[in-house]
Amino acid sequence: MLVRTVESTAGTATDRVRVDRRGTWTTLIVLVALSVLALAASQRVAQAAPPPTGFVQPYAGTPKYLKYAPRQATRAGQVNRPLGAKAADRIARKLGLDKRHAFTPRQYRLFISGRGVGGDPAAAKLVDESVRIFTNTTGRPLLANVDGTVTPVVLGSYGLMVSTGGMLQSLANTRAPTRQVNTVLVPGGYLGTWCRNNGAERSLWMLYRSAYGSEVLFGNASQQQSGVAQLVPNQKGATSSTVGMSMAPSIWIVNFAAVYVLKPSLAAKMPAWWTPIPDDVVQALEDSPTGQVPFGEFASSFAR
């Protein structure tokens, strides 16, 4: 049973305490549930055969969901192409997401603008920036200052982004909004609090009960072991390649689920395929003490 935590202006002090306690218990229940999922997931992974995609654990994530993550592009036309609405809805259903229980248009507008009960403009801005980066596909470029010129850049399939200041980096770089937004989305964070305060509990519980619940654990482990560059290895037979963290199956599914709950039409803009990062770019990012390099120095590598 979902617990509503919206406080009525006519509520008594006792009512408000009861609501707050329910909210606290809801968070604790979610955290306990995710801990159980973590144990179960680790046991499944220990027994699972190596994934056929070339990604190893923890990047591959929950074995049964691996087939719904993007595959490697096999032709140039697939690079940076968005999923599209039909594919997004199909994948969402397989991951345990129901379009009917996503945020309503009004809830989305309130949430993304930092309004509503307990709204936080700073947290909302971080989410908005992150969604924009997650959906950096054809037709949705990021604008960056590259060598003094405002330049549109699209690198979604590589798992890379370019900051407004022109620095190329993995989406999981500690300086990227898409890494910092983790504190907003985790159980007990701003997302959960806002949902409970604004009648979006059904959306919240759908997210936690979906593939997100187990994949977020693999995603966290992936980020913890990937160093400053936050890149992911892929090995298919004798072919080795590297992609940015956001295109690893476990991370991509976590991001897709979160965006789909907020607004399904935006999840449809996420990359449909992943593609390897050019070798010279990989080397530069791994050699950088910050995991960042000037995009202007490597833009030609992505045009080959």
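1. The second largest cavity of this predicted model is lined by Val127, Ser130, Val131, Phe134, Val181, Leu185, Ala258, Val259 and Leu262. Helices H4 and H10 are the elements that each give two or more residues to this lining. Of the elements involved, H4 gives the most, with 4 residues.

2. The volume of the second largest cavity is about 40 Å³. Sorted by class, its lining comprises 8 nonpolar residues, 1 polar residue and no charged residues.

3. How many cavities of 30 Å³ or more does a search of the whole structure find? The search finds 3. The largest cavity holds about 70 Å³ of space.

4. The lining of the largest cavity consists of Ile133, Phe134, Asn136, Gly156, Gly159, Leu171, Ser246, Met247, Trp252, Asn255, Met270 and Pro271. Helix H4, covering residues 121–134, and helix H10, covering residues 249–262, each supply at least two residues of this lining. In terms of class, 7 residues of the lining are nonpolar and 5 are polar, while none is charged.

5. The axes of H2 (residues 85–94) and H10 come within 11 Å and cross at roughly 105 degrees. Because angles of 65 to 115 degrees count as roughly perpendicular, H2 is described as roughly perpendicular to H10.

6. Which residues make the contact between H2 and H10? On the side of H2 they are Ala88, Asp89, Ile91 and Ala92, and on the side of H10 they are Trp252, Phe256 and Tyr260. By class, this contact has 6 nonpolar residues, no polar residues and 1 charged residue.

7. Turning to the strands, S4 (residues 160–162) and S5 (residues 167–170) run antiparallel and are joined by 3 bridges. Within this pair, Leu160 stands opposite Ser170 of S5. The two strands form a hairpin with 4 residues between them, and Gly166 in the turn has a positive phi of about 95 degrees.

8. Strand S5 has a further partner, S9 (residues 292–294), with which it pairs in the antiparallel sense over 3 bridges. Here the bridge partner of Leu168 is Val293 in S9. S5 is therefore paired with S4 and with S9, given that two strands count as paired when at least two bridges are found between them.

Definitions and conventions
Residues are numbered from 1 along each chain as its sequence is written. This is a predicted model: local features need pLDDT of at least 70, side-chain atom pairs count only at pLDDT 80 or more; totals for chains, interfaces and linings use all residues. Side-chain values use heavy atoms; hydrogens and water are left out. On a 1 Å grid over the protein atoms alone, a cavity is a set of points where a 1.4 Å probe fits but cannot get out, and a pocket is an open set with protein on both sides within 12 Å along at least five of seven lines; lining residues have an atom within 4 Å of a point. Grid points are joined across faces, edges and corners, and a volume is the space filled by probe spheres set on the points. Ala, Val, Leu, Ile, Met, Phe, Trp, Tyr, Cys and Pro count as nonpolar, Asp, Glu, Lys and Arg as charged, and the others, Gly among them, as polar. Axes are lines fitted to C-alpha atoms, for helices over the stretch in contact, and angles run from 0 to 180 degrees between N-to-C directions. Angles under 35 degrees count as roughly parallel, over 145 as roughly antiparallel, 65 to 115 as roughly perpendicular and the rest as oblique. Contact means heavy atoms within 4.5 Å.
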